[in-house]
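Please look through the points below with the model open beside you. They take the sheets, then the helices, then the confidence.

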Amino acid sequence: MEKGVKKIKWIVNGGALTEYSSPDKILCIVPNKEAQFIVGEWYNDTTEEEKRRELTWLLMDQKKRNILKKTRKPVSEPYGVTFPKKLCGSYAFYIEASLYGAHDRSNTGLHVYGKCEEKITKASWSKSSGAVDTSEINYGHNLFFTIETEGLNGDILTVELYSEKKSDSIKTVKAKCINGTIVDAKFSTIGINFSIPFGVGLLPGELLIADLESFYIKISDITGKHITDASGKENILSFTIKNKQVIPVFERPTNTTPLRVGTVTVEEVTVEEVVKIEGILEAYFAKEEFTKQTIELDGNYEYKFASDNIEYDKNKIAGIIKSKVDIQVKANKKYAKLDDIKSALTAESYAKDTTITFNLYKLGAEYKKINSAPLEEEVFVVAKTYLLDGKEVSITIKEKEAIVVDADADVNVVEAKENGAELTTLKATVENDIAKIKIKLRPKADEDLTKWKEKLLKGKKEGTYSYTFKSERTTITDNNKKELARIILKNAKEGKQGNTKIADGKTAFADDVEKVLQSKTYSSGDIISFDTYKIQAENLWLKAECQGDSQKYEEEFMKRDGEYFVIGKGKCPRCGILTMVELDKIFTNATREKKEQLMNTFNLANSKFGLNTCQQKAHFFAQVLEEVGTSINIKDGEGLNYAVEKLTEHYSRFSTTGLQNGPPNDLAFSYGRIDSNNISFLRSTYNRHNLTQHSANVQMIANIAYAHKEDNGDVTSGDGWKYRGRGIIQITYKRKYTNINRRITSDYPEYGKIIDANNINNLDEGTVASMAYWKEYRCQKKAEDGVLRPNLDAIVDIINSGTNTRDSRWGHLQNMVPIFKVTDCQKDAGSCTDDSSQCFNYADVWDNPEISSDNGGKNNNRYGYNTTRGHKGVDILSGPEYKDVHSLMCGTVGKIVDTFETNEYRASSLGNTLMIKSKDKDGKEIFILYCHLDEIYVIEGAKVKHGQKVAKSGSTGNASYSGLPNGVAGRGIEKENWHCHIEAATKGEGSNNFYYLGSYRLKAEDYMKTKFDDNGNKI
């Protein structure tokens, strides 16, 4: 009778590299991303009661001899494994699940290993094994090298010793990389002075050894390839030996091979496989995000169809439903499974308002590493450990350079809870391999916070600048001191008025200039001096300590350029969300239900349409408030209840002159309002004594005023009334609805609704329509320019240029600035994230890019410019040569196709391709596909920066040249037309093409540094 777990399986969550995996045997995962496992199959004799028990998950060594860790979890909860880069490599750990807590010899588990770029991260030497001794080295001393790596765990590496005077290695030692580290690889320096070349002109046997000789170390893998450090250098460690002989300390020999002096030797260090049972793996700053998809049920969801779905594509509809539902329930820490939605779609068609029901599941907390955050932000400090559960970890925060605290002092922060204490040492107990504590990035006292802000704003004080007055007389008074300080600073920064420029890397501030200015008259040649500051970020690193069972662990983390945590570089935490506190200040008479609906709709869509900054929100709601008032009263379109004499102020078609403000014509008298207030005026002024009172015919006014404009039909079509100004920003004309829906389909496809005249007055549809309008009609661009009156007027010119409410809207904007704290906003200044997850500064594939003119002109080689050819991307011309391709955006390498030989032809093929996933300036997920490549320089899962070399352009696929090997006669293109074909889309996870994405496609040109005009020429 067999009971228990027969097989475990990996949950597909994007963390694996399937091309390096073997089903049911071994799984390759990307670093720092959790891979989750559940029971895949039970033995037949396992009872239902047993299937509901807790499982014991076993993490074992590669040979399944030692259990490294046991973890008990409910069957419903997945087991997760995360490998840091130092544990990536050929060494595979073994994972299995057990009912009874013991290893099953029937191979019920999986081997798991990590893969990342191979790199040397740190190298050091010592004259003593297991201790630090970096005193003078003489010939005869033993040297012990410690090498820390990434992507090489379990590999056999060769440590090679070189002299600066000799190109060949003098000695080599083979060592196994265990837990990402080679520990104490031993070299003897006996005899290596004989390996240094003779001096020029000396006879054999005569040596000329310098007083100090230089040596260095290289590391090679089993194939002989040298591994580089983070800067790309093969020489990873240098040292010198003093020309002095010492008597070596001989150890008991382990073999009888005689010592050979004066010849090259190879010392083999046999390292037994050691299982490290505990330690601190990583420490970092993090945000808590509920993104971990568990399999624990948490209620269900009834989904109502917003439109008819006949002969629908189940996969496509299920994907749309999941996207919409996940957004709706994410705030409650839930999500829906795609397979459950597909299972619920049982009918052949669904009418509008019909429903389906499916399960929801809990989202668990994950602590996502962040590289920066603003001052006063709440963040977690996290330590990831190995087999230290129940132990206390102590973490201190350190500065790279002393800015806010004294040199070598620990940075003091506040515990993120009510009346939280000020801490310099953060302490937390390890649970499930994680120790975490929530803090605020600030000191306790407000006066200290003020000092921090000033220090962070200015940087580190470094020197002074001397400014010389040029004018014969410059009189400083209390009234003009501030303005003249600003002018002096500008002259100093620009090197004007005979003064030198402030040195590169330094800056100064007007308040410091103002402090040194006296209220007096300065003459030509007079000098003042004010402080200057070194321009630098506040870089932090972490030191973590923990007393384990066998020893005390002390580790330093992020203490390296490119890895420091930066205060003040992160995006303002208020930018990305609209709060009820803000809405309460704006819409003082609106119901809570209306404000909640507006808030939820806005927050789901803000990043899609670029409304995720404090300044954008201020401008947007200044306009919205004018249209809907403090009660959020969305009118059923503009009223148009105009009196006869007022019609011509707004519409020229009601004027006898055909111009606005002319005398009213017959149409105005027929359809404009005549009542007791204006009838006498109209009779006497326009000599129309037979006028009678009547109401305004608002529908005819709209149909006449708006006929034949922006795709509206004639007067009889009724389009004028149907498409009159509606929504929370009054949107007018049929064409605007078309453009808005196109924008929603492009930027917010998961919304899944079509905006029309029947639903735009709904708060949900009206809000989304107005946000799409904001981006489509470039209000977003105007709002970026500032919050002054000209900035507001530029937006009003777009929304309603003829309005008489400009002053009112200006007043609204002035009120919005403090509500959204625009002046305090620390909006990201445009720095790409250090982890390459978001890009703000786009690059070109190569210098001076040009669109190919093949196929009938440049626009035929662009996306969106030629519907007959249906080109899906942009072709950037390389001509008859292969060029290095640079990534347009920072991102993560996705799927790669590299099976094509150079110039290999295949019909209708993109050849070798490279997919890179990123987020754009607005936080939207973007996939960029590079095609027809000859060579690819990066691996899947690698992080890349914009402008980084990632591939070499080529002529593979249908871009082959027939006159070269692998080409096909009469097929392909001419060498002069070789190009890199680039596509973009909002989807593409796990794919190597965009063949079936349709409306998810984007213009790749939007993500290039160089821009092109409507004819395809560079702007």
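1. Two strands pair if DSSP finds at least two bridges between them. Strands (E, at least two residues) and helices (H or I, at least four) are DSSP runs, numbered from the N terminus. Tyr335 stands opposite Tyr361 in β22.

2. A word on the ground rules. This is a predicted model, where local features need pLDDT of at least 70 and side-chain atom pairs count only at pLDDT 80 or more, while totals for chains, interfaces and linings use all residues. Residues are numbered from 1 along each chain as its sequence is written, and side-chain values use heavy atoms, with hydrogens and water left out.

3. Where does β20 sit in its sheet? The sheet is open, has seven strands and runs in the order β20-β22-β18-β24-β29-β26-β27, with antiparallel pairing. β20 and β27 (422–423) stand at the edges with a single partner strand each, so one side of each has no neighbour in the sheet.

4. Follow β22 to its other partner in that order. Strand β18 (residues 279–304) and strand β22 (residues 355–369) are antiparallel and share 13 bridges. Here Glu288 stands opposite Tyr367 of β22.

5. Next comes the pair β24 and β29. Strand β24 (residues 378–386) joins β29 through seven bridges, again in the antiparallel sense. Ala383 faces Ala435 in β29 across this pairing.

6. Ile434 deserves a look. Ile434 lies in strand β29 (residues 434–440). Which residues does Ile434 touch, not counting those up to four places away in sequence? They are Val382, Ala383, Lys384, Thr385 and Thr429, where contact means heavy atoms within 4.5 Å. Ile434 and Ala283 are 151 residues apart along the chain, yet their C-alpha atoms are separated by 9.6 Å.

7. Now the sheet of three strands. This open sheet has the order β1-β3-β6, with antiparallel pairing. The edge strands, β1 (5–10) and β6 (79–81), each pair on one side only. On average, neighbouring strands here are turned by 40° against each other, direction ignored. Strand β3 (residues 35–42) is joined to β6 by three bridges. Gln36 stands opposite Gly80 in β6.

8. Strand β44 (residues 949–953) has two pairings to check. With strand β39 (residues 884–886), β44 pairs in the antiparallel sense over three bridges. Asp884 is opposite Lys952 there. With strand β42 (residues 925–936), the pairing is also antiparallel and has three bridges. Leu933 has Ser953 in β44 as its bridge partner.

9. On to the helices. Helix α8 (residues 592–605) packs against helix α16 (residues 763–776) at an angle of about 40°, with axes 9 Å apart. Axes are lines fitted to C-alpha atoms, for helices over the stretch in contact, and angles run from 0 to 180 degrees between N-to-C directions. That angle makes α8 oblique to α16. Angles under 35 degrees count as roughly parallel, over 145 as roughly antiparallel, 65 to 115 as roughly perpendicular, and the rest as oblique.

10. What lies in this contact? Lys594, Gln597, Leu598, Thr601, Phe602 and Ala605 in α8 meet Leu763, Asp764, Thr767, Val768 and Met771 in α16. By class, these are six nonpolar, three polar and two charged residues. Ala, Val, Leu, Ile, Met, Phe, Trp, Tyr, Cys and Pro count as nonpolar, Asp, Glu, Lys and Arg as charged, and the others, Gly among them, as polar.

11. Helix α9 (residues 614–628) also meets α16. Their axes come within 12 Å and cross at roughly 120°, and α9 and α16 are therefore oblique to each other. Gln616, His619, Phe620 and Gln623 in α9 touch Ser770, Met771 and Trp774 in α16. This contact has three nonpolar, four polar and no charged residues.

12. Finally, confidence. pLDDT is the predictor's confidence in each residue, from 0 to 100. The protein chain averages 85, and 91% of the residues score at least 70. Residues 198–207 stay under 50, with eight contacts beyond four places in sequence. Over residues 250–277 the pLDDT is also below 50, and this stretch has 41 contacts beyond near neighbours in sequence.
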